[in-house]
Amino acid sequence: FGFFVDPAENSKFSIGAFNVVPLKFVEGLQFATFFPIGRRMRVNIFTCWHPSSDEARLLRSSPISELYRYFPDLPLFVGGFRLASQPEVFTTNYYRQDCRALSSAVLIGDDYQSVSPATGMGISKCVTDVQILVGLLARQRESRWRLDLNTFYNHPDKRRVDQEAQRRWESMNERSSSRSLRGQLRRFKLSLASTVGDFLSSHA
């Protein structure tokens, strides 16, 4: 879910870009990210909710009140704000393309394998693919070696980054949706790391 917010009247945002996680476990809710674009702040909320769920419906109809409900400490960090655009909803599904039928075209980045925006690996995947492809094409030009596209798709660096993106996606979904002991331990570890980071920042 994404939308823009403006600062409260006659004020400005007191903090730059940051991420915030819910203080209490909310099934399917991962985190929200805030980052400035001009005078406005962009808010993206990452969830595992179905677009037709009650939670998704409420977030679309009352985004500010739902933000305050899930993240009650927000005004302490950002100050007051009001809605500046209609919420947009984007659904991300996992896929990996079967490229065996492609003999003269190469799929890179999200075109080959989707990535959850919440993992922050979209650019990393794309840059890795381009670096590998450029290296293979240079080798082809210098030695008249014929590029086998399987060499690209099975390159160890590409496979490593693709697998890491998938692992992070699965881990984030489990952490926000699972009530298992492992899911609880993952959430505790994240909360502890955040608390320690805040303490170190305040005593730096």
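Which residues do ring pairs link into a cluster?

A: Ring pairs join F18, F34, Y68 and F81 into a cluster. The model is predicted, so local features need pLDDT of at least 70 and side-chain atom pairs count only at pLDDT 80 or more, while totals for chains, interfaces and linings use all residues. Residues are numbered from 1 along each chain as its sequence is written, and side-chain values use heavy atoms, leaving out hydrogens and water.

Rings of Phe, Tyr and Trp (its six-membered ring) pair if their centres lie within 6.5 Å; planes under 30 degrees apart count as stacked, over 60 as edge-to-face and the rest as tilted.

The strands come next (DSSP runs of E, at least two residues, numbered from the N terminus). V20 has A32 as its bridge partner in β3.

On to the next strand: β3 also pairs with β4 (residues 40-47), antiparallel, over eight bridges. P36 stands opposite M41 of β4. Two residues separate β3 and β4 in their hairpin, where G38 takes a positive phi near 70°. The charged end of R42 sits over the ring of F4, 4.9 Å from its centre (NZ of Lys or CZ of Arg within 6 Å of the ring centre and within 35 degrees of the ring normal).

Notes. Pairing = 2+ DSSP bridges. Helix = DSSP H or I, 4+ residues; strand = E, 2+ residues; numbered from the N terminus.
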